[in-house]
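Trainee: I'd like to learn how to read a structure like this one. Could we go through a few features together?

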Amino acid sequence: MAESPEPTKGEIGTPTVIVSHLDVKYAVFGGERHGRPSGEGEPTSLRDRLTGKRPPKVREVHAVKDVSFVAHHGESIGIIGRNGSGKSTLLRAVAGLIPPSSGRLWVAGEPSLLGVNAVLMSKLSGERNIYIGAQALGLSKAEIAERFDEIVEFSGIGDAVYLPMSTYSSGMGARLRFAISTAASPDVLMIDEALATGDADFRQKSAERITDIRDRAGTVFLVSHSNGNIRQICDRVLWMDQGRLIMDGPTEEVLPQYEATLPKKVKRKAAVPPEPEVPGTVRWGGDGRIEVAASVSAHTWEPGVEGVFVASVHKVAAARAVAPIAARLGWPLLWVRPGSVPDVTREELARLSPGRVVVVAGEEQLTEETHARLESMVDGPVERISSDDPAIASARLLRAFPPPDASTLHVTLPATSSKAPAMSLAAGATCQSLIVCDDSEVPTELAEALAEVAPQRLVLNGNEEDWAAPTVEQLRSASGGEVTFDPGKGPMALAAGLWDGTAPGGRVIVAAQSTGVEILSAAAASGHSGVPVLLVTSDRIPQLVRTTLERLAPSEIAVVGTRDALPTAVRESLGEIVSGGENAPERSG
C-alpha cells in the first residue's frame, strides 16, 4: 500500500488524523464460541495429560474492520453505535493504545485519550495521584504544580486530596479522575463516555469543561451513548456497527438515520419526561446551546429583521466582541458548527428573513463549504469577517461597527473564564465595545483599530498579573487611553449591577453564569428588547441576585438554558419570586 503524506500539525483545515483500511483483531482467552480453540489438535505435555488439565481456549475477535476516514483540524467528531460495535476500540487505536492488525494510521501532534484510570493507585494520596496522572498526560512537574489548585478545586474534594484514594467515595474518586484527565490540552483529544462522570451537578461542570477543552484542542473525538451530547458537541459523526464504518457525515444527517435503527424500547427509555409548568416562568431552551440560542431568537424577534450575526461555537472568543454589537444594533445572534449549519439555525434564519447576514468566523471555525450553505439559505448578502485570531477579528469588528460610546473599551483574554461573557453583556448594556486580545502581543491590525477608536479607558478583565507588562504597554500606547484592571465583581454581581436604574415590572431573562453561548445570545436579545439579564448558578439563586429580582418584581422570567444548565428546581425558585411580586407595576416596553 502506498504511503500517504503525514498530516501537518496545526494547519487550519488540514488533516490531523488519517485512518486507512484499519483492522484491529485481538485474542480472548477462555472463549467457547465463534472459533476453534487454539489448542485443539495440538500435543499436550505429559503433566497436563496426567492432571487432566486442558490447554486454554483462545478466540479471535475482529473488532474493527477495514475502517477509513480523515479528520481535520477544528472538527468535533462523534463516534456512535451499539455496544460491541467497535467504537472504543477504534478510539484506542487512534490514541496509540492498541496496535492495528493491518492498515495504517497517521496522527498529527500528540493524541490523548481522556482517562488516567490505568495509572492511578488507590493506596496513594490524591495529591500523589494528581502528579502521576498528569505526568501520564504529558505535563511536566512545573506545569502540574501550576495547575494543582485548579484540579483540586474542580474536583471538589478539598483537604481529602492528602488522603489515600482508597478512602474516597465513588463520587469523589470519579470527580478527581475527571479533573486530572482534563488538566491537559492535547492536539487531538479523545473522550470515551466522560460526560457520565459523577452526579448531576458535576456532569454539568464536566460538559462545560469538555466544551472548553474542545475549543482549545485541534480535533476532538467523542464516544457517547448520549445522542444529546453528540448533538451539542459534534459537527460530524462516524456510525460504527459490528466493527465497520456504516456512515460518515454531518451530525444532522447521520444521527437521525442511526436513531431510526434503534429499538423502540431504547427510544422510550431515552425520552426525557416533559418539564412541569412553573407559573410566572417560561423556558427558552432545547437539547443544546445552539437550540437555546435559536429559542432566544424565536421569542425575541419578529420576521423581517435588519440583520443577523452568525458565529461558530468552535472557539467562541471572537463572539464575545460580536454580542455587544448585536445588542446595540438590535440584531439576533445565531450559531453554527465548523462543518454544518444545524437545523434550528437554518429554520430560524428562514423565519427571520434578514436583510443582511454577517458571519464572524475564521477558516478553522467555519469551513468554506458551510459558508456556502449559509449563502444558499438566505436571499440577502452574506458578509464575512474572517480571522481565526480573535484579536484581529475584534479589530475588524471595531472598524466595521464603531461604538457610539468610545469612552470605555472592555478587553478579555481569549481563554474561557466565567466573567468574560458577563463583560460582553455589560458592554452591550452600555453601548460600548469589547475586544479580545492575547496577553503575549497586540497585532498591528488591532493596534491601528484602537488608534482610530481612541478610547479614553481600557478595562482589562482580571488582575494585573494576568497580563504581560509589554502587552499592557502596547494597548496603552495604541489607544492613548488609561489602562485599568477589573478583578472586582464576579459575573453574577456584574450582571445584577447593570439594572439598578431599571423600573420594576415586565420580563427578566435569567441564564446560568457558567454558560457562554447562552449569555451572549441573551445579551443580544436584551439590547433589542431592553429586558434585563441576570445570572445564577445551576443549583441556586444567590442572595444578591434574589434581591435584584425582588426589586425588579418581574411579571415573567424567561429561563435561558437547557434543563441540565438550569434545572426545574431553580426555575421553581424563580417562579416563587414572580408570584411574590405579581402586584408590581407593569414596565413599559
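Mentor: Gladly. Strands β15 (residues 408-412) and β17 (residues 457-461) pair in the parallel sense, over four bridges. Strands count as paired if DSSP finds at least two bridges between them. Helices (H or I, at least four residues) and strands (E, at least two) are DSSP runs, numbered from the N terminus.

Mentor: Some background before we continue. This is a predicted model, where local features need pLDDT of at least 70 and side-chain atom pairs count only at pLDDT 80 or more, while totals for chains, interfaces and linings use all residues. Residues are numbered from 1 along each chain as its sequence is written, and side-chain values use heavy atoms, leaving out hydrogens and water.

Trainee: In what order do the four strands of the open sheet lie?

Mentor: The order is β16-β15-β17-β18, with parallel pairing. At the edges are β16 (433-436) and β18 (482-486), each pairing on one side only. From one strand to the next, the twist averages 30 degrees.

Trainee: Which strands does helix α14 lie across?

Mentor: Helix α14 (residues 390-400) lies across β15 and β16, and runs at about 155 degrees to β16. Helix α17 (residues 469-479) packs on the sheet and touches β17 and β18, with its direction at about 155 degrees to that of β17. Contact means heavy atoms within 4.5 Å. Axes are lines fitted to C-alpha atoms, for helices over the stretch in contact, and angles run from 0 to 180 degrees between N-to-C directions.

Trainee: How are two packed helices described?

Mentor: By the angle between their axes and the distance between the axes. Here, the axes of α4 (residues 141-155) and α5 (residues 170-181) come within 8 Å and cross at roughly 145 degrees. On the α4 side, I151, F154 and S155 meet R175, L176, F178, A179 and I180 of α5. These contact residues divide into six nonpolar, one polar and one charged. Ala, Val, Leu, Ile, Met, Phe, Trp, Tyr, Cys and Pro count as nonpolar, Asp, Glu, Lys and Arg as charged, and the others, Gly among them, as polar.

Trainee: How many disulfides does a search of the whole structure find?

Mentor: A disulfide is a covalent bond between the sulfur atoms of two cysteines. The search finds zero, taking a disulfide as a pair of cysteine sulfur atoms within 2.5 Å.

Trainee: Is C234 buried or exposed?

Mentor: C234 is buried, at 1% relative accessible area; C437 is buried too, at 0%. Buried means under 20% relative accessible area, exposed over 50%, and partly exposed in between (1.4 Å probe, protein chains only).
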